[in-house]
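Open the model in your viewer and keep the selection panel at hand.

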Amino acid sequence: MKIAISGKGGVGKTTIMALLAGELKKQGRKVLVIDADPSPHMAETLGIRDAKQVKPIADMGALLAERAGKSQGSPFYNLNPEVNDLLRDFMLEQDGIRLMILGAVQTAEGGCACPENHVLRKMLKKMLLTAEETVLLDMEAGVEHLGRGTVAGADCLLIVTIPSRSGIRTALKIKKMADDVGIPQVYFVGNLVQNQDDEKFIEQELGERPIVFFPDSKAVRQAERAEQSIVTLTEGVNDAPEQLVRILLSEG
Ligand SMILES: Nc1ncnc2c1ncn2[C@@H]1O[C@H](COP(=O)(O)OP(=O)(O)OP(=O)(O)O)[C@@H](O)[C@H]1O
Ligand SMILES: [Mg+2]
């Protein structure tokens with residue numbers, strides 16, 4: 001099963017993916033987490049040792065350019081680059097959860113580094129097609145990645161929202177795009193919920209009830225500040241990760 005996540009900036013996408021990874025692992029599943037956010041933050045959230053030393057593949061500009069067969073001044077590049085060894089070499093593993101940090105290639109001018117991004121996209125596609133484990137794809141905020149087709153190949157999209165009008169507006173926009181793209185399963189997830197009024201607000205504004213609500217959790221906040229992993233957090237999130245896994249697996 002390949003699960004992607006989306007939502008407005010800062011609503012808790014990376015946090016929920018890390019909790020989901022922890023719960024799947026606890027239930028004996030193999031998990032591969034792919035961080036495709038241009039500002040990757042999953043390594044820290046998973047509590048990977050020396051997370052700051054880990055470079056996203058996107059930062060290996062020369063290596064990607066070489067794979068893309070890009071040469072100075074030429075508009076042509078290799079449309080079928082070799083990526084198998086990159087997939088192997090850039091995989092991290094800790095406590096049974098595998099992580100690959102893709103990132104995204106940015107150019108100084110903000111323009112498109114197309115050949116390099118082509119290699120990244122090919123790696124992502126290959127992983128989504130061939131991975132035997134449950135794949136969790138963490139992504140940047142907003143709707144751009146839906147337009148770019150980053151999530152094509154995922155069979156499930158979680159759309160996270162918090163109890164705010166702007167969060168819900170973005171969530172509804174993403175839902176519409178996800179339906180247009182044809183992602184088979186699209187679910188809303190509520191986060192940073194303090195009470196039933198918050199739940200009710202989200203449900204009313206979305207027009208449907210999210211499949212699960214994650215509480216506003218002191219334990220999550222403390223773990224983040226202390227740079228501790230939230231994967232093994234057992235208290236402070238009610239049974240939200242368990243509930244989420246139950247629903248995903250029963251319908252997957
Ligand atoms: N349920 C929660 N309870 C308490 N704090 C939370 C909860 N969910 C997320 N947070 C905190 O909110 C902040 C943003 O969370 P996170 O990085 O997961 O959001 P994001 O949607 O991935 O952000 P971005 O759009 O930048 O990728 C973090 O400091 C995180 O610890
Ligand atoms: Mg994030």
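**Stop 1: Leu 102 and the cores**

Select Leu 102 and show what surrounds it. Leaving aside neighbours within four places in sequence, Leu 102 is in contact with Ile 34, Asp 35, Ala 36, Pro 56, Ile 57, Ala 58, Leu 120, Met 123, Leu 124 and Met 127. Bear in mind that this is a predicted model.

Now widen the selection to the largest nonpolar core, a set of 40 residues. Leu 102 is among its members with the most contacts inside it, together with Ile 34, Met 123, Leu 137 and Leu 157. Colour the contributors next. At least two residues each come from strand 2 (31–35), helix 4 (84–89), helix 5 (114–130), strand 5 (134–138), strand 6 (156–161), helix 7 (165–181), strand 7 (185–193) and helix 8 (196–206). Which helix gives the most to this core? Helix 5 does, with six residues.

Then switch to another colour. A second, separate core holds 38 residues, including Ala 18, Val 33, Ala 51 and Tyr 187. In soluble globular proteins, nonpolar side chains tend to be buried together.

**Stop 2: the sheet**

Hide the side chains and show the cartoon. The chain has ten helices and eight strands. Find the open sheet: its eight strands run in the order 3-4-2-5-1-6-7-8, and the pairing is mixed. Strand 3 (91–94) and strand 8 are the edges; each has a single partner strand, so one side of each lacks a neighbour in the sheet. Look along the sheet for the twist, which averages 25 degrees from one strand to the next.

Pick strand 1 (residues 2–7) and strand 5. They pair in the parallel sense over three bridges. Click Lys 2: its bridge partner in strand 5 is Val 135.

Bring back helix 1 (residues 13–26). Helix 1 packs on the sheet and touches strand 1, strand 2, strand 4 (97–101), strand 5, strand 6, strand 7 and strand 8. Its direction makes about 165 degrees with that of strand 5.

**Stop 3: strand 8**

Strand 7 and strand 8 pair in the parallel sense over three bridges. Val 189 stands opposite Val 212 in strand 8. Show the side chains here. Val 212 and Phe 214 point one way, Phe 213 and Pro 215 the other. Are these four buried or exposed? All are buried.

**Stop 4: past the end of strand 8**

Step along to Ser 217, in the loop between strand 8 (212–215) and helix 9 (218–225). Ser 217 has a relative accessible area of 5%, under the 20% cut-off, so it counts as buried. Draw a distance from its side chain: a polar atom there lies 3.2 Å from the backbone nitrogen of Ala 219. Beyond residues up to four places away in sequence, Ser 217 touches Gly 236 and Val 237.

Next select Lys 218, which is in helix 9. Lys 218 has 57% relative accessibility and counts as exposed, because the cut-off is over 50%.

**Stop 5: the whole chain**

The accessible surface comes to about 12600 Å², with 47% belonging to carbon and sulfur atoms. Of the 252 residues, 48% count as buried.

Conventions: Residues are numbered from 1 along each chain as its sequence is written. Chains are lettered from A and ligands numbered from 1 in the order in which they are written. This is a predicted model: local features need pLDDT of at least 70, side-chain atom pairs count only at pLDDT 80 or more; totals for chains, interfaces and linings use all residues. Side-chain values use heavy atoms; hydrogens and water are left out. Buried means under 20% relative accessible area, exposed over 50%, partly exposed in between (1.4 Å probe, protein chains only). A polar contact is a pair of N or O atoms within 3.5 Å; within protein, one must be able to donate a hydrogen and the other to accept it, and residues adjacent in sequence count only if both atoms are side-chain atoms. Contact means heavy atoms within 4.5 Å. A nonpolar core is a set of buried Ala, Val, Leu, Ile, Met, Phe, Trp, Tyr and Cys residues joined through side-chain atoms within 4.5 Å. Accessible areas come from the Shrake-Rupley method with a 1.4 Å probe; for residues, only the protein chains shown count as cover. Two strands pair if DSSP finds at least two bridges between them. Axes are lines fitted to C-alpha atoms, for helices over the stretch in contact, and angles run from 0 to 180 degrees between N-to-C directions.
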